Amino acid sequence: MTRSFNLMNLKPGWLLLLSISAGVWSVPIDRNGDNQEVKEDVQEENADTGLYYDRYLREVIEVLETDPHFREKLQTANTEDIKNGRLSKELDLVGHNVRTRLDELKRQEVSRLRMLLKAKLDSTNTQSLQMDHASLLKQFEHLDPHNQNTFEAKDLELLISTATKDLENYDAERHEEFKRYEMLKEHERREYLKGLDQEKREKEEKRMQELKEKHRQHPKVNAPGSVAQLREVWEETDGLDPQEFNPKTFFKLPFSSFHTDEFDTNPVVQELEALFTKELEKVYDPKNEEDDMMEMEEERLRMREHIMKNVDTNKDRLVSLEEFLKSTEKKEFNSPKEWETLDAKPVYTEEELQRFEAELRDKEEELKRRAETLRQEQELLKERGKALEAQKREYQQAVLEMSQRQKEQQAADGQPPAGPNGELQFQPEAHKPEDKADHQAEGQNNLPAEPPQNLPLHT
């Protein structure tokens, strides 16, 4: 199957960048080779770091992987070489076609960020323009802003350091988002109960408590990475004898297509998160009203952090065979405590909830003030609209009166009346009274003269 980005070909150095944030997704376990293509599709679809420059990061990695020299250096580089920028200096030795392609990728990324910055600024009001501008400028931290046309060693160094920093902070941000989610849920619950009468409130509180108790009634959850959890997978998933469990053999089992024997490391973030799913299914079911899937994802993140804290001793976000075997020698591996799920201990205190509710009230008041300002502006616009309409009517009346006076004046002056556009309207010429009188007089002049009164009459 052809893929544009094959995770199986990535070396530990790149896995350092891409596996840090693997908590945002999990890989289904499938030990059968029949579903290899399906697994690859799932990996390609979900393998996203969650960074806003994820696509740029992956495309740069893909291009660099095509250069034999850089690829060789990457295989021999350790985590410190990648973090401190020594590997970036090898960029000067890559082929011309690789540099050309990297230049193009950078120009595309700069163009994308410019469009994003412009769109954000266009949609921001003038009062918060400076704050938003400073915030948006941080989105250029993964590339050198002083050189916007070519991809240099500085760009690779910034890309690696920024991605490492952002991904390390990603889990903390997710924890904080989840805490706010839980506090909002509790706030809405309390507000809902306040709106009920005494009888309905008591009935609803009882129902909610019963759902809580039902959620707590679940099978024992094994601690992540404990022998109990691994034996369960060994027996139920692999079909092996639990009495013959061997950590070294278990480590070498092909958990998923991410596993590679080329290196003596295993990107355990992806591997064990798939194993976490088995434990999480004991507690969470999307069909149950009492089970919150947001809480399940927080539980998954806590399990992953537990593994990395107790197994990944050099903090490179990878687990070597040596690290894994050392973890199996600890007391916690063979006799672990039962894993405490989120329902055992609240993720926030009552004081934190009160501060959160105060923050909500402040935001609500701010929204009310803005709504009132908008209402007043709307009323003002209505009044201005009415005034403009009145002025329009006055203007139309003045035009009519002026037109009427003009017609009267033209009639008085003997001029033909004007049309609607000011043109003269000629009418058939009417006979003037004096003309008629002259005509009558002229006719009388043509009649025989009246005989003199003093002439004698004929007999």
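This is a predicted model: local features need pLDDT of at least 70, side-chain atom pairs count only at pLDDT 80 or more; totals for chains, interfaces and linings use all residues.
Of the 459 residues in the protein chain, 36% are buried (buried is under 20% relative accessible area, exposed over 50%, and partly exposed in between, with a 1.4 Å probe and protein chains only). The accessible surface comes to about 29600 Å², and carbon and sulfur atoms hold 50% of that surface; these areas follow the Shrake-Rupley method with a 1.4 Å probe, and for residues only the protein chains shown count as cover. Among contacts with a separation of 6 or more, 70% join residues 24 or more positions apart, a contact being heavy atoms within 4.5 Å.

Helix α13 covers residues 293-311 and has 19 residues. From first C-alpha to last, α13 reaches 27 Å, close to the 27 Å expected at 1.5 Å a residue, where the expected span is 1.5 Å times one less than the number of residues. The N-terminal end of α13 is capped by D292, which places a side-chain oxygen 2.8 Å from the backbone nitrogen of M294.

Helix α8 (residues 153-194) holds T162. With a relative accessibility of 5%, T162 is counted as buried. Its side chain reaches the backbone oxygen of E141 at 3.1 Å, and beyond neighbours within four places in sequence, T162 is in contact with Y53, E141 and H142.

Next comes the largest pocket, with a volume of about 870 Å³. Of its 25 lining residues, E182, K185, E186, K212 and E295 are the closest to the centre. The elements giving two or more residues to this lining are α8, α9 (198-216) and α16 (350-412). Here a pocket is an open set of points on a 1 Å grid over the protein atoms alone, where a 1.4 Å probe fits and protein lies on both sides within 12 Å along at least five of seven lines; lining residues have an atom within 4 Å of a point. Grid points are joined across faces, edges and corners, and the volume is the space filled by probe spheres set on them.

In helix α12 (residues 268-280), K278 has a relative accessible area of 25% and so is partly exposed. K278 lies 9.1 Å from Q229, C-alpha to C-alpha, across 49 residues of sequence, and K278 touches E232 and E236 when residues up to four places away are not counted. R231, in helix α10 (residues 227-236), is partly exposed at 34% relative accessibility. Eleven residues separate R231 from P242 in sequence, and their C-alpha atoms are 5.9 Å apart; with the residues up to four places away not counted, R231 touches P242, Q243 and F245. P219 lies in the loop between α9 and α10 and is partly exposed at 48% relative accessibility. P219 and E281 are 62 residues apart in sequence and 9.8 Å apart in space, C-alpha to C-alpha.

Note on methods. Residues are numbered from 1 along each chain as its sequence is written. Side-chain values use heavy atoms; hydrogens and water are left out. Helices (H or I, at least four residues) and strands (E, at least two) are DSSP runs, numbered from the N terminus. A polar contact is a pair of N or O atoms within 3.5 Å; within protein, one must be able to donate a hydrogen and the other to accept it, and residues adjacent in sequence count only if both atoms are side-chain atoms.
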